[in-house]
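I opened this model to look up a few things and write them down. My notes follow in the order I made them.

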Amino acid sequence: GEFTVCWDPLDGSSIVDNNWAVGTMIGVWPKSTGLIGATGRDQVTSIVALYGPRTTVLVALDDGTYEFTYGCSPDGSEEDSKKEYPWICSRHSIQISPTSKIFSPANMRAAQDLPGYKELIDFYMVN
C-alpha cells in the first residue's frame with residue numbers, strides 16, 4: 001500500500017454510558033514515513049468524527065481544515081424534512097491561534113499509578 005492508516009474507531013467508549021460525545025480518529029501517513037517514529041507533521045491527512053447531538057467530521061487537507069455537519073441546511077438550521085442536506089461544509093479554513101495552549105491528556109487514571117506520567121501532566125499544566 002501507499003499509506004499507513006491508524007485509527008481509534010470509538011474514542012471515548014468508556015464514557016458512552018454518561019451520554020457524552022464520542023468519536024472516531026483517523027491518521028494517514030505516507031508509506032515512506034510509516035508510523036514508527038512519525039509525528040503529526042508527517043501526516044498526509046487526519047480525520048476526526050464526533051457523534052452526539054451534533055454529528056460533525058473534521059478533515060485536514062492540504063489547503064486547510066474543514067468541518068462537515070450532518071443533518072443541517074446550508075444556513076446551519078436543522079434539516080428541513082422537505083429537503084435533504086445530508087452533509088454540509090459548516091466551517092472552512094479552521095485554524096488554532098498561534099498563542100493558544102492546547103493540552104489534552106489521556107488516561108488520567110494512569111497518573112495515579114505512574115509517577116513519571118503524573119510529573120509530565122503536572123509539567124504541561126503549568127507550562
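**Entry 1: the largest pocket**

The model is a predicted one. I started with the lining of the largest pocket and sorted its residues by class: seven are nonpolar, five are polar and one is charged. The space in this pocket comes to about 400 Å³. I counted 13 lining residues, and those closest to the centre are Gln43, Ser46, Ala60, Thr65 and Ile96.

I then turned to the second largest pocket, with a volume of about 300 Å³. Its lining has 16 residues, and Asp11, Gly12, Ser14, Ala106 and Asn107 are the closest to its centre. Strand E2 (22-30) and E3 are the elements that give two or more residues to this lining. Which of the elements gives the most? I found that E2 does, with four residues. By class I noted nine nonpolar, five polar and two charged residues in the lining of the second largest pocket.

**Entry 2: the chain as a whole**

I went back to the overview. How many helices and strands does the protein chain have? I listed two helices and six strands. Read from the N terminus, the order of the elements is β-β-β-β-β-β-α-α. The protein chain has 127 residues, and 19% of them count as buried.

**Entry 3: the sheet**

I looked up how the strands are arranged. The six strands make an open sheet in the order E1-E2-E3-E4-E5-E6, and the pairing is antiparallel. Strand E1 (3-11) and strand E6 (87-91) are the edges; each has a single partner strand, so one side of each has no neighbour in the sheet. On average, neighbouring strands of this sheet are turned by 20° against each other, direction ignored.

I then went through the pairs one by one.

- E1 and E2 are antiparallel and share seven bridges. Cys6 has Gly27 in E2 as its bridge partner.
- E2 and E3 are also joined by seven bridges, in the antiparallel sense. Here Gly27 stands opposite Ser46 in E3.
- E3 and E4 pair antiparallel over five bridges. Ser46 has Ala60 in E4 as its bridge partner.
- E4 and strand E5 (residues 64-70) run antiparallel with six bridges. The two form a hairpin, with two residues between them.
- Phe68 stands opposite Cys89 in E6.

I noticed that Ser46 and Ala60, which are bridge partners, are both on my list of residues closest to the centre of the largest pocket.

**Entry 4: covered or open**

I checked how well E2 is covered. Seven of the nine residues of E2 are buried, which I wrote down as mostly covered.

Next was Ile47, which sits in strand E3. Is Ile47 buried, partly exposed or exposed? Its relative accessible area is 26%, so I put Ile47 down as partly exposed. Ile47 and Val59 are twelve residues apart in sequence, yet their C-alpha atoms are 4.7 Å apart in space.

**Entry 5: cysteines**

I searched for disulfides and found zero in the structure. I also looked up two cysteines. Cys6 has 34% relative accessibility and therefore counts as partly exposed. Cys89 has a relative accessible area of 40%, so Cys89 is partly exposed too.

My last item was a backbone angle. Most residues other than glycine have a negative phi. Ser93 is not a glycine, but its phi is positive, at about 55°. Where is Ser93 found? I located Ser93 in the loop between E6 and helix H1 (110-113). At 45% relative accessibility, Ser93 goes into my notes as partly exposed.

Methods
Residues are numbered from 1 along each chain as its sequence is written. This is a predicted model: local features need pLDDT of at least 70, side-chain atom pairs count only at pLDDT 80 or more; totals for chains, interfaces and linings use all residues. Side-chain values use heavy atoms; hydrogens and water are left out. On a 1 Å grid over the protein atoms alone, a cavity is a set of points where a 1.4 Å probe fits but cannot get out, and a pocket is an open set with protein on both sides within 12 Å along at least five of seven lines; lining residues have an atom within 4 Å of a point. Grid points are joined across faces, edges and corners, and a volume is the space filled by probe spheres set on the points. Ala, Val, Leu, Ile, Met, Phe, Trp, Tyr, Cys and Pro count as nonpolar, Asp, Glu, Lys and Arg as charged, and the others, Gly among them, as polar. A disulfide is a pair of cysteine sulfur atoms within 2.5 Å. Buried means under 20% relative accessible area, exposed over 50%, partly exposed in between (1.4 Å probe, protein chains only). Two strands pair if DSSP finds at least two bridges between them. Axes are lines fitted to C-alpha atoms, for helices over the stretch in contact, and angles run from 0 to 180 degrees between N-to-C directions.
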